[in-house]
Amino acid sequence: MKVTIVGAGAVGASCAEYIAIKNFASEVVLIDIKEDYAEGKAMDLMQTASLLGFDTKITGSTNDYSKTANSDMAVITSGVPRKPGMTREELIGINADIVKSVSESLLKHSPNVTLIVVSNPMDTMTYLVHKTTKLPKNKIIGMGGALDSARFKYRLSEALEAPQSDIDGMVIGGHSDTGMVPLTRLATRNSVPVSEFLSQERIDQVSEDTKVGGATLTKMLGTSAWYAPGAAVSSLVQAIACDQKKMFPCSVLLEGEYGLNDLCIGVPVILGKDGIEKIVEVELDEAEKSKLQESAQGVSKTNDLLDIKK
C-alpha cells in the first residue's frame with residue numbers, strides 16, 4: 001500500500017504522521033513545491049519510527065511526481081490555507097489551478113489511484129477533480145464530512161460532559177461555515193438520543209459551534225487547523241486500504257441521491273477497497289431536507305465560479 005500526500009505543510013505532515021503511526025501502509029510519499037521541505041518533513045518523521053514503533057517508510061520529494069508512481073491512494077492538501085476572517089470559498093481562484101495541476105500530475109504516474117481531496121473550498125475542488133479527470137466517481141472523495149463530524153462529536157461530548165467514545169453523530173452538507181448540516185435529531189449517547197440529556201437551546205448551540213469549528217480555530221491559530229484534519233484523512237485512507245467498510249460522511253458526486261445532481265456534497269458513504277462502495281441515503285425530516293437543499297445551492301454557486309462548469 002503506497003500513499004502519496006501532496007503538500008507537506010501542517011495538514012499534509014499530520015496526515016503522513018497518523019497514517020505511519022497506524023502502520024497499515026508500506027510507504028508514504030510527501031511531495032511539495034518548496035525545495036527540500038517535503039524531504040525534511042519525511043526525515044523528521046522517519047526519526048520517530050523507532051520511538052513510535054512503526055515500519056511505514058516515509059520519503060519526501062520536491063515536485064518530482066515520478067516518485068509517486070503506482071500510488072494506491074493520494075491525498076491532495078496543497079493550496080493556500082485560510083487566514084483569519086477568510087471563507088473557504090475565497091480560496092477558489094488560486095486553489096483550483098493548483099488542484100487541477102496536481103491531480104493531472106498524479107494520474108500521469110498512478111492512473112488507478114484513489115484521490116482524497118482536502119484543499120478548500122473542498123466540495124468544489126472535489127467537483128473540479130471529477131470534471132477534469134477520467135477517474136470513476138468511486139475513486140474521488142472529499143474529506144470534509146469526516147472532520148466536521150469529529151468536531152460535532154467533540155462539541156456534543158463537551159455539552160454532555162461525556163467521553164467522545166459514548167457519542168455518535170454526523171454532519172452532512174457542504175464543508176462551509178453556512179453549509180454544514182449537523183444531524184442533531186439523530187445524534188446519540190450510547191444509542192440514547194442527545195435530546196434526552198440536553199435542552200433544545202443547548203443542542204442548537206452545539207450545532208452552531210460545530211459549523212464554525214474551522215473558523216474558530218483559524219482565528220485562534222492564525223491559520224487552518226491540522227491535527228484533526230490529518231486524523232480525519234488517515235481514517236479515510238485506512239478504511240479504504242484495510243477494506244473496513246466503514247461509514248463516513250464524505251463529499252461525493254451525486255447523481256439523483258438526496259434529490260441532488262451534478263455536484264459534490266457531504267453525505268454518508270461506505271468506504272472499502274474500491275473507494276466509495278455505497279452512498280447511504282438517510283431518511284431526513286423536512287427541516288433537514290431544506291437545510292441540505294440550501295447547502296447544495298451554496299455549493300453550486302461556488303462551482304459556477306469554475307471555468308470548467310458544464
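Visitor: Which residues are buried in α5?

Guide: In this model, which is predicted, the buried residues of α5 are Met 122, Asp 123, Thr 124, Met 125, Thr 126, Tyr 127, Leu 128, Val 129 and His 130. To read burial, one compares the relative accessible area of a residue with a cut-off, and a residue counts as buried when that value is under 20%. Helix α5 spans residues 122-132, and because nine of its 11 residues are buried, the helix is largely enclosed by the rest of the structure.

Visitor: Where is Pro 121 found, and which peptide bond there is cis?

Guide: Pro 121 belongs to the loop between β5 (114-117) and α5, and the cis peptide bond is the one that runs from Asn 120 to Pro 121, with an omega near -5°.

Visitor: Which residues of helix α8 are buried, and on what side of the helix are they?

Guide: Helix α8 covers residues 213-221, and its buried residues are Gly 213, Gly 214 and Thr 218. These three cover an arc of only 130° around the axis, so they are on the same side of α8. The face turned away from that buried side carries Lys 219 and Met 220, both of which are exposed.

Visitor: How should I read the pairing of strands, and how many bridges join β12 to β13?

Guide: The general idea is that strands of a sheet pair through backbone hydrogen bonds, in either a parallel or an antiparallel manner. Here strand β12 (residues 246-255) is joined to β13 by 10 bridges, and the two run antiparallel. Within this pairing, Pro 249 stands opposite Pro 268 of β13. The two strands form a hairpin with five residues between them, and Gly 256, which lies in the turn, has a positive phi of about 110°.

Visitor: Which strand do four bridges join to β13?

Guide: That strand is β14 (residues 275-279), which runs antiparallel to β13 and is joined to it by four bridges. Gly 272 has Gly 275 of β14 as its bridge partner, and the hairpin that joins β13 to β14 passes through two residues. Strand β13 itself spans residues 261-272, and because 10 of its 12 residues are buried, the strand is largely enclosed by the rest of the structure.

Visitor: In what order do the three strands of the open sheet stand?

Guide: The order is β7-β10-β11, and the pairing is antiparallel. Its edge strands are β7 (167-168) and β11 (192-193), each of which pairs on one side only. Strand β7 is joined by two bridges to β10 (residues 188-189), again in an antiparallel arrangement, and Asp 168 stands opposite Thr 188 of β10.

Visitor: How many disulfides does the structure hold?

Guide: A disulfide is a covalent bond between the sulfur atoms of two cysteines. The structure holds zero disulfides. Cys 250 is in none, and the nearest cysteine sulfur, which is that of Cys 264, is 11 Å away; Cys 264 is likewise in no disulfide, with the sulfur of Cys 250 as its nearest cysteine sulfur at 11 Å.

Visitor: Which residues other than glycine have a positive phi?

Guide: Among them are Asp 36, with phi near 70°, and Asn 63, with phi of about 60°. Asp 36 lies in the loop between β2 (27-32) and α2 (37-46) and is partly exposed, with a relative accessible area of 48%. Asn 63 has its place in the loop between β3 (57-62) and β4 (73-76), and at 42% relative accessibility Asn 63 counts as partly exposed.

Visitor: Which residues form a nonpolar patch on the surface?

Guide: The patch is made by Ile 21, Leu 51 and Leu 52, which together have about 310 Å² of accessible area. Leu 52 lies in helix α3 (residues 49-52) and is partly exposed, with a relative accessible area of 47%.

Visitor: How many residues apart in sequence are Lys 291 and Thr 178, and what separates them in space?

Guide: They are 113 residues apart in sequence and 9.8 Å apart in space, C-alpha to C-alpha. Lys 291 has its place in helix α10 (residues 286-303) and counts as exposed, at 51% relative accessibility.

Key:
Residues are numbered from 1 along each chain as its sequence is written. This is a predicted model: local features need pLDDT of at least 70, side-chain atom pairs count only at pLDDT 80 or more; totals for chains, interfaces and linings use all residues. Side-chain values use heavy atoms; hydrogens and water are left out. Patches are made of residues with over 30% relative accessible area and no salt bridge: like charges are joined within 9 Å, nonpolar side chains (Val, Leu, Ile, Met, Phe, Trp, Tyr) within 5 Å. Accessible areas come from the Shrake-Rupley method with a 1.4 Å probe; for residues, only the protein chains shown count as cover. A salt bridge is a side-chain nitrogen of Lys or Arg within 4 Å of a carboxyl oxygen of Asp or Glu. Buried means under 20% relative accessible area, exposed over 50%, partly exposed in between (1.4 Å probe, protein chains only). Two strands pair if DSSP finds at least two bridges between them. A disulfide is a pair of cysteine sulfur atoms within 2.5 Å. The arc is that of the directions from the helix axis to the C-beta atoms.
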